[in-house]
Amino acid sequence: MISAEIISAWVFVLLTLCIFSFLYKDNPFYKAAEHLYVGASAGYVAVISFWQQVQPNMFGRLWPSRVDVDDGSIFTSVWYVIYEIFNFISTGFGILDRSIFPEGGIKGFEEIRFIYLIPFILGIFMILRLVPKLGWLARWAIAYIVGMAAGLRFYGYLNSNVLIQIKASAIDFTSDWGTIVNGLIIFIGTISGLIYFFYSTEHKGIVGRLSRIGIYFLMIKFGASFGFAVMGRISLLIGQFNYLKDYSSSAYNYATPVILVFIIICLAIWSIMGDENKNESTA
Amino acid sequence: MEIMKRIFILLGSLDRRIIFLIVGLSVLIPLLKPEWVNLPIRPRPESQIVFNEINKLNEGDKILLSFEYGPSTKPEIHPMSIAILKHLFAKNIQVYGFALWPDGNFMSTEAFSEVSHDYGKKYGIDYVNLGYKPGAEAVVKGIAADIHALYTVDLKGTPINDIPMMKDVVNVENFDFVFSLSAGYPGSTEWVQYACDPKNIPLSTGVTSIQVTDILPYVENGQIRGILAGMPGAAEYESLVEAELREMELSVKPGKASSMMAAQSIAHVMIVLFIIFGNITYYITRKNKGEDKI
């Protein structure tokens with residue numbers, strides 16, 4: 001019997017082996033899986049961002065449930081007429097059921113927050129990048145994002161990565177010998193590493209010697225990073241192999257061996273045909 | 001000596017696909033026959049610190065568990081999630097799940113459903129899964145300031161005001177501990193910079209191997225309390241939690257990371273051998289060409 005679990009296992013095995021087939025060489029299986037991965041990821045992120053953030057947090061603040069905010073004023077009535085216009089457009093001019101703009105407003109907030117018109121307008125500006133004549137408006141949205149991110153990161157980075165790190169690289173001479181030696185190594189490594197990246201003075205004499213020490217510290221760091229990178233990649237390979245092993249059992253209708261043989265045969269045919277085409281073109 | 005030289009030169013000219021095959025086999029054989037390689041798992045100090053910090057929490061304490069990984073890094077991080085949830089649920093600690101990555105939703109849902117049933121934990125009372133919000137550091141900043149302004153509903157679409165365990169939670173300051181399961185940006189660094197350093201909330205992390213050297217400076221000076229480094233870190237934590245569960249006389253299911261460590265060790269040995277052979281071959285080839293005189 002074929003269940004959803006078995007189908008998903010077969011899809012998993014097929015896509016994993018398609019990606020692994022790149023180890024032989026670039027081929028149609030790999031390209032198909034790669035394109036599918038990029039497309040599915042982009043689609044998923046777009047949908048989830050809309051339903052988790054844009055719909056509840058932006059539209060929800062602009063048009064909260066009318067029961068909570070209706071003061072009987074004409075302005076509120078007009079405001080919710082705009083809401084209904086958006087709903088009419090989003091439902092394909094009334095063809096589809098309501099989804100983005102539910103009946104009577106979006107639940108979650110208890111007052112209309114007009115400040116959220118700013119991100120709404122900036123969001124529209126961003127989409128206008130697709131219209132060549134109005135594409136320049138997207139710069140306003142990008143400028144806001146860059147400015148906001150710079151401001152937001154400035155304090156966090158300065159505090160956690162600069163001030164606290166400087167404080168931590170100071171040597172505590174009241175502690176035990178091991179800690180003092182460790183502190184000295186960190187101190188020398190920090191200073192010499194910084195000197196290596198200081199280009200305003202020629203690296204000669206004492207500056208040259210210190211920058212050379214800096215190189216050694218940097219090399220140790222890069223070596224450690226490389227080691228961890230290898231470890232990480234091997235871990236991922238083990239993880240995938242473990243799934244492939246699990247899915248090779250009779251419970252999954254021998255998904256792994258069947259698809260593996262299928263891909264090998266297809267790659268062999270594709271490779272032979274490729275060689276023949278090459279021979280024909282050179283002849 | 002000449003024969004050895006020839007062997008090394010031959011090794012140097014091996015087709016890369018043969019090397020891939022050897023690495024593949026070195027991973028596959030220990031997975032198929034784990035009894036052939038039986039290596040002990042000894043927790044490193046960084047993993048022990050993480051365990052001790054979580055073990056110090058009391059019944060009823062609140063922990064923010066952030067899922068910042070996806071299927072591509074699942075083999076490294078997911079065993080940590082499972083081991084940590086086992087530890088937390090065994091100690092009756094309330095768990096609040098968040099996700100800074102869109103795929104984190106899948107990972108958190110899978111982890112909670114895998115562990116909560118074994119410990120008889122109820123959604124909304126013992127644990128909650130608030131899910132993903134786009135915005136990276138802005139989301140962390142939002143959690144640090146006001147969770148209710150950022151999250152109106154949980155991952156299932158339930159209004160968070162209707163969830164019992166959300167009633168007395170306003171921001172990150174209401175948590176006793178933060179744990180980041182991180183595979184990159186946004187992740188542990190953002191929790192340090194925008195929530196835990198400014199608000200002085202204890203933070204630990206479990207990261208992919210590739211991130212370890214970037215996160216270690218925070219660990220060294222106490223901004224992050226201990227670190228679970230990749231799959232070995234997960235295996236070490238699993239062994240610590242299993243020992244703790246045995247002590248608490250609770251049922252113990254073996255963790256996944258521990259079962260994969262044999263393959264990891266053999267693959268590392270193979271890669272180290274390849275690096276050594278590669279360097280010797282390079283040295284011999286260069287010497288033969290007389291390049292070392294230049």
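Guide: In this predicted model, helix α8 (residues 205–246) of chain A and helix α9 (residues 212–220) of chain B have axes that come within 9 Å and cross at roughly 115 degrees. The axes are lines fitted to C-alpha atoms, for helices over the stretch in contact, with angles running from 0 to 180 degrees between N-to-C directions, while helices (H or I, at least four residues) and strands (E, at least two) are DSSP runs numbered from the N terminus. On the α8(A) side the contact is made by A:K221, A:A224, A:S225 and A:F228, and on the α9(B) side by B:V212, B:T213 and B:D214, where contact means heavy atoms within 4.5 Å. Sorted by class, these are 3 nonpolar, 2 polar and 2 charged residues; Ala, Val, Leu, Ile, Met, Phe, Trp, Tyr, Cys and Pro count as nonpolar, Asp, Glu, Lys and Arg as charged, and the others, Gly among them, as polar.

Chain B itself is divided into domain 1 (2–38 + 259–293) and domain 2 (45–254), with bounds that come from an automatic or database domain assignment. The centres of these two domains, taken over C-alpha atoms, are separated by 38 Å.

Also in chain B, helix α4 (residues 74–90) has 17 residues, which at 1.5 Å a residue should span 24 Å, and its end C-alpha atoms, 23 Å apart, agree with this; the expected span is 1.5 Å times one less than the number of residues. Because 17 of the 17 residues of α4(B) are buried, this helix is largely enclosed by the rest of the structure, buried meaning under 20% relative accessible area, exposed over 50%, and partly exposed in between (1.4 Å probe, protein chains only).

Just after α4(B), B:N92 takes a positive phi of about 55 degrees, although B:N92 is not a glycine. B:N92 sits in the loop between α4 and β2 (94–99) of chain B and is partly exposed, with a relative accessible area of 33%. Another positive phi, near 50 degrees, belongs to B:A136, a residue other than glycine, in the loop between β3 (127–132) and α6 (137–145) of chain B; B:A136, at 12% relative accessibility, counts as buried. In the loop between β4 (177–182) and α8 (188–199) of chain B lies B:P186, and the peptide bond from B:Y185 to B:P186 is cis, with omega near -10 degrees.

Residues are numbered from 1 along each chain as its sequence is written, and chains are lettered from A and ligands numbered from 1 in the order in which they are written. Local features need pLDDT of at least 70, side-chain atom pairs count only at pLDDT 80 or more, and totals for chains, interfaces and linings use all residues, while side-chain values use heavy atoms, with hydrogens and water left out.
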